Amino acid sequence: MDGYARTFLTAAGVALAATAAQAGNGDTLKAVQARGKLNCPGDIGSYLGFAEVDDKGNWKGLDIELCRAMATAIFGDPASVNIVPIDWAQRWPALQSGDIDIVIKASGGTLSRDTELGLQFSMSYYLGTTKVLAHKELGLSSLKDAEGGSVCLPAATTIETQVASYLEANGITMEIVALATNEEVSNAYFSGRCDTFAQWGPVVAIAASQAEDPDAHVLLPDVLALEPEVMIMRQGDDNWVDIANWTLSALLFAEQEGITSQNVDEIRANPPSAEVGKFLGATPGVGKGLGLSDDWAYNVIRKVGNYSEIFERSLGMDSPYRMPREMTALWKDGGVLFPLVFD
Amino acid sequence: MTQTTPTRAVPRRRGLWRRLRHDYAATPAAALVTLVCGTILVAIAWTLIDWAILRATFDPAAGREACRAAGGACWPVIAARWRVILFGLYPYDEQWRAALACLVVAAVILLSCLPRMWGLGRLAAIWATGTALFYLLMRGGLFGLTPVNEQQWGGLPLTLFVFVATAVIGMPMAIVLALMRRSSLPGIAIPAGLLIDAIRSLPLLSILFTCAIVLPLVLPDFLIGEKLYRVVFGAALFFAAYQAEIIRGGFQAIPRGQEEAAKALGLGWRQRLVRILLPQAFRLALPATINQFVIAFMETALIVVVGFMDLLASANTAFRTGEWTFAHVEVYAFIAAIYFAFVFGLSRYGAFLEARMDAGQQRS
């Protein structure tokens, strides 16, 4: 996406935010239920591990699975989604014009998105970090050692500003090689044109895992920036934000309690605690306040899986990328994710 | 094209070797240039053949490791992902419909390229049938075909649809705009000129965005329609503005005497236009028109920015998955071949038309 289109669409987004009627409380759920499908953004092309297309043309990836989880919470059926292929710059106009109901597209919560674009966010479902990959033969232990070297990065993105300010703050001078597409950037790095390669964490990790010799590259420990990825919705519909937050909480809570798609039926038949019993709909109450059925969380876990299952098959050990959870682990495993309490 | 001009050059009877020497190595400098260029060409050809055939992997079951070991092109990516490349997100079980729809478009284009089909009635019949068949196959909903939303269309059928619809809607608009701009009534000529210049001063991208995103906010609900058709309309408008100027250029190149002679013979406006002016204008504008068609075909790839999976976008999708990220060159080579086949066909057809029209010209 070039700068022109980005500017145009940002302007269109601001204009839409000013003109579009805000979503009223509960409106989105009603509209989705009337349509029978939840409209989520996919991608034009794909975003590895988050939204990609399998051999049969079906979408998969972490963002897609979260959308399926929400659809399952609403309809009890993960297939009740309609993945709309849209580009990055189109996210906001598409959301505001109602083409999609929610943006789950590796997008961070920012002040300007919240205020200028008139959007609101769920809790964070993934912590995106900006990281740097380096050729192992250079023997770098952190970015400081790369003084005088070069760094490849995607042009005109937040990555470029993050790298520049990190280098400046730490008094490192490096040559910045900014290139247009992801393929160009990684080709330039792997062909040896640059010493290092800066990108959003999952992108560099995936690039390293796909390299000819994955052991010839090392992910530097520097975290240049952190972006908490959130689900993003139109302002004004609190019920819709609740559904997003509680769907995410359900995935995390199930992981915390060891409930998986495999054992959910046993646990529901014989819940270890009143909280879990209510969560799985064995006793009533979990759905009413949200406008959902009482077995919504049970459906999500049985048909989609808990957060860990989703992560492992999208990005983790069951995927070609084999990424560790790191910060995106549950609080009890040393990460920063946590569910809210199902009381 | 001048093949039809009977140039009877006296055949110089010389051996092949002497002729080659005369053409490519007449002087030592020429010989050197031939040698250098020849070496470069052979080196490029060899690298390509080596990559694409000799060291390539063809076993459809081979994965990344096998391809890496062989070192050349990794064609199994096409075997695994060709349906994503060609049909994008069109439902897997229904993709035979998308394939048939592509054949329908190809058949319609081929039929209307045949000179014996050139007649308003015949062309209209071919296109009406073709469009109906294409739409029925792609959209479904009748005769037990599952409905498939326009949002799910993708790949080759979408690219063909956008191109053909742009040209078919844009061409009549272009003729009307060109005629309006030539009108002697300022009330008609000036608005047409303004419209053409306004459209030509906007980038296609912004027109597509406006049609896809801004129009729904402005138009009354019953006029909004499906996004695909709004975007096609925008592309057609853009095509028409440029094509109108090309046709106007054709009109201007016709000697004034032609129209005056027709008037003197008592031909009415319609007859002058249809029998005398338009055929000549089109003949004169043909090279530029073919150019415009080729550009329009290439520009279909822009619809990706308003959320359609055209051929290029579905190709991007095809290699951007865990197993195949390394194989983007192979996928691009594959779609480059598809684009090449279409555009080369188009320009050869243009050359055929020129030759045909030239022949008519020279008999007179």
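This is a predicted model: local features need pLDDT of at least 70, side-chain atom pairs count only at pLDDT 80 or more; totals for chains, interfaces and linings use all residues.
Two strands pair if DSSP finds at least two bridges between them.

**Figure 1**
Strand β10 of chain A, residues 225–234, pairs with β5(A) in the antiparallel sense over nine bridges. Within that pairing, Tyr126(A) has Glu229(A) of β10(A) as its bridge partner. Strand β8 of chain A, residues 196–200, is also antiparallel to β5(A), and five bridges join these two strands. Here Val132(A) is bridged to Ala198(A) of β8(A). A further antiparallel pairing, over three bridges, links β5(A) with strand β9 of chain A, residues 217–219. In β9(A), Leu219(A) is the bridge partner of Leu133(A).

**Figure 1. Chain A as a whole.**
Chain A contains 13 helices and 10 strands. Its radius of gyration is 21 Å, close to the 20 Å that the globule rule gives for 343 residues, so chain A is as compact as a globular protein of that length. Along the principal axes, the C-alpha atoms of chain A fill a box of roughly 65 × 50 × 40 Å. Of the 343 residues in chain A, 48% are buried. When contacts in chain A between residues at least 6 apart in sequence are considered, 73% of them join residues at least 24 apart.

**Figure 2. The two domains of chain A.**
The domain assignment divides chain A into domain 1, made up of 3–106 + 237–333, and domain 2, which covers 129–226. A distance of 31 Å lies between the C-alpha centres of domain 1 of chain A and domain 2 of chain A. Where these domains touch, seven residues of domain 1 of chain A are in contact with five residues of domain 2 of chain A. On the domain 1 side of this contact in chain A, four residues are nonpolar, two are polar and one is charged.

**Figure 3. Met231(A) and the largest nonpolar core.**
The largest nonpolar core has 178 residues, and the members that touch the most others are Met70(A), Met231(A) and Leu208(B). Helix α11 of chain B, residues 227–253, gives the most to this core, with 15 residues. In soluble globular proteins, nonpolar side chains tend to be buried together.

**Figure 4. The contact between chain A and chain B.**
The contact is formed by 28 residues from chain A and 30 residues from chain B. Three elements of chain B give two or more residues to the side that touches chain A, namely α4 (76–87), α9 (204–218) and α14 (311–319). With seven residues, α9(B) provides the largest share of this side of chain B. By class, the side of chain B that touches chain A has 16 nonpolar, nine polar and five charged residues.

**Figure 5. Ile207(B) in helix α9 of chain B.**
Helix α9 of chain B includes Ile207(B). Ile207(B) counts as partly exposed because it has 19 C-beta neighbours inside 10 Å, whereas a buried residue needs 20 or more. Not counting residues up to four places away in sequence, Ile207(B) touches Leu202(B), Gly234(B), Leu237(B) and Phe238(B). Leu284(B) is 77 residues from Ile207(B) along the chain, and their C-alpha atoms are separated by 29 Å.

The secondary structure of chain B consists of 15 helices and one strand. The C-alpha atoms of chain B, taken along the principal axes, fill a box of roughly 75 × 70 × 40 Å. Chain B has 364 residues, of which 31% count as buried. Of the contacts in chain B between residues at least 6 apart in sequence, 67% join residues at least 24 apart. Chain B is divided into domain 1, residues 17–54, and domain 2, residues 80–90 + 148–363. Taken over C-alpha atoms, the centres of domain 1 of chain B and domain 2 of chain B are separated by 39 Å.

Methods. Residues are numbered from 1 along each chain as its sequence is written. Chains are lettered from A and ligands numbered from 1 in the order in which they are written. Two residues are in contact if their C-beta atoms, placed from the backbone, lie within 7 Å. Helices (H or I, at least four residues) and strands (E, at least two) are DSSP runs, numbered from the N terminus. Ala, Val, Leu, Ile, Met, Phe, Trp, Tyr, Cys and Pro count as nonpolar, Asp, Glu, Lys and Arg as charged, and the others, Gly among them, as polar. A nonpolar core is a set of buried Ala, Val, Leu, Ile, Met, Phe, Trp, Tyr and Cys residues joined through C-beta atoms within 7 Å. A residue is buried if 20 or more other C-beta atoms lie within 10 Å of its own, exposed if 12 or fewer, and partly exposed in between; C-beta atoms are placed from the backbone. Domain bounds come from an automatic or database domain assignment. The radius of gyration is taken over C-alpha atoms; the globule rule is 2.2 Å times the number of residues to the power 0.38.
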